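Hi there,

Here is the structure I promised to pass on to you. Have a look at it first, and then read my notes below.

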Amino acid sequence: MRLTPERLDLLIAAVRKILPLQAPADVLLRQFFQDHHKLGQNDRGTIAEAVFGILRRRFFLEKLAGKATARELVLAYLTRFQGMNLRELAPLIRETEIKWIQQIKAVKLEEQPLSIRAEFPEWLVEKLQKYHSDEEILRLGQTLQQPAPLDIRVNSLLAKREEVLAALEQQEIEAQPTPFSPVGIRITGKPAINRNALFLSGKIEVQDEGSQLLGFLLAPKRGEMVVDFCAGAGGKTLLLGALMHSRGRLYAFDVSEKRLNNLKPRLKRSGLSNIHPQRIDSERDAKLKRLAGKIDRVMVDAPCSGLGTLRRNPDLKWRQSPESIDELQKKQMAILTAAANLLKPGGRLVYATCSLLPEENQQIVEHFLANHPQFSILHCDELLAQQKIHLPDTGKFLQLSPLYHNTDSFFAAVLERSV
Ligand SMILES: C[S@@+](CC[C@H](N)C(=O)[O-])C[C@H]1O[C@@H](n2cnc3c(N)ncnc32)[C@H](O)[C@@H]1O
């Protein structure tokens with residue numbers, strides 16, 4: 001895209017709107033596009049890419065620009081990360097800015113402290129240093145600065161993966177089967193998949209491959225009683241329903257009416273008829289009592305820091321803090337305890353997050369097991385192998401990483417109730 005003075009102003013206005021981060025960046029960007037409804041698809045794409053690019057490199061950009069204004073952040077980003085040269089920029093900027101850009105071009109990223117090179121807040125580096133070497137933290141941080149690929153899931157109730165791959169090829173959309181999930185497809189680039197006939201007819205859904213694998217760990221069977229305790233807009237619910245061949249009963253619980261409402265159009269497209277969305281007040285909701293001890297399989301996709309999804313949501317680095325993680329841990333423990341209470345003897349529960357912090361993952365599960373001797377761990381590698389899914393570096397727990405699996409950083413543990 002050729003940068004004109006109008007486009008530069010728009011980009012700066014978008015960054016100014018998003019940067020205080022009073023809401024999630026994608027929500028603020030959607031509002032910005034509503035306020036500028038005449039913008040074409042290409043301009044929107046370019047603005048979104050730059051805004052997220054700036055959030056992904058914000059620590060270094062702020063280091064370059066000091067107490068940076070939106071304009072300085074944009075100029076620093078364009079020159080340092082978009083390869084724009086001074087000749088192209090010069091007609092659009094002031095004399096003093098030209099001098100400043102010459103100075104910041106000379107600053108070396110390799111000489112910066114770890115938190116800047118990894119693009120992690122210092123508190124997060126400190127937490128990660130308890131478990132990883134600095135080199136690992138740097139590689140993880142660098143991977144999380146890249147945009148995530150677009151993964152879709154084939155709805156096995158309505159289509160086969162080969163059929164969808166053939167249809168995509170006909171439409172000249174480059175795609176390949178995901179390496180681990182048997183129902184996943186990874187698309188090259190970012191075509192507008194939500195206007196595609198395959199999407200509108202319910203044959204495909206957008207879902208990260210890591211998220212798909214959690215469904216295969218729970219492996220619900222047709223005819224069973226299943227609960228998706230934190231169903232949200234149903235990313236995992238829809239996969240669970242398809243694995244059940246739309247037979248049996250699948251409750252989709254969540255405290256957020258808005259999220260459950262977003263499940264409805266997806267449910268309609270999916271062709272599934274065994275899903276029952278229900279809002280609950282909290283994990284202590286009286287509605288849950290009648291299901292205690294009756295459920296075959298429970299998915300707990302717990303509310304978490306989301307730090308394993310920084311490729312998609314880089315703004316979480318400023319929206320989470322050590323305090324918010326302490327709060328989340330309490331919630332995760334309470335939800336896991338309440339959800340486990342629904343299981344019948346022999347029943348299976350998957351506890352999952354998209355966090356890369358053991359505080360929200362292993363530590364929650366280990367604390368739960370120490371207080372609930374009637375539950376034991378099933379090994380994730382064995383459960384996946386039973387479904388012919390072979391994941392490197394998986395053992396007792398599933399710990400996916402964008403670094404090794406090109407998925408979001410999902411964690412999962414599988415528990416079984418004995419009595
Ligand atoms: C990680 S998200 C779920 C994403 C969803 N499973 C998916 O695959 O799209 C966590 C969800 O937990 C919900 N939640 C928060 N507190 C809860 C509670 N006490 N009981 C049930 N759900 C809760 C949030 O509203 C949010 O939708």
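This is a predicted model: local features need pLDDT of at least 70, side-chain atom pairs count only at pLDDT 80 or more; totals for chains, interfaces and linings use all residues.

**The strands**

Ala 175 belongs to strand β2, residues 175–177, which pairs with β3 in the antiparallel sense over three bridges. If you follow the chain from β2 to β3, you will find six residues between them, and the two strands form a hairpin.

Which other strand pairs with β3? It is β1, made of residues 150–154, and this pairing with β3 (residues 184–187) is also antiparallel, with four bridges. To find it on your screen, look for Ile 152, whose bridge partner in β3 is Ile 185.

**The domains**

Now zoom out to the whole chain. It is divided into domain 1 (5–112), domain 2 (114–145), domain 3 (150–206) and domain 4 (209–417).

I looked at how domain 2 meets domain 4. Their C-alpha centres lie 26 Å apart, and nine residues of domain 2 are in contact with nine residues of domain 4. Which helices supply at least two residues each to the side of domain 2 that touches domain 4? They are α9 (122–128) and α10 (134–144). The largest share of that side comes from α10, with four residues. Sorted by class, the side of domain 2 that touches domain 4 has six nonpolar residues, two charged ones and one polar one.

Enjoy exploring, and write back with any questions!

Best wishes

Definitions and conventions
Residues are numbered from 1 along each chain as its sequence is written. Two strands pair if DSSP finds at least two bridges between them. Domain bounds come from an automatic or database domain assignment. Two residues are in contact if their C-beta atoms, placed from the backbone, lie within 7 Å. Ala, Val, Leu, Ile, Met, Phe, Trp, Tyr, Cys and Pro count as nonpolar, Asp, Glu, Lys and Arg as charged, and the others, Gly among them, as polar.
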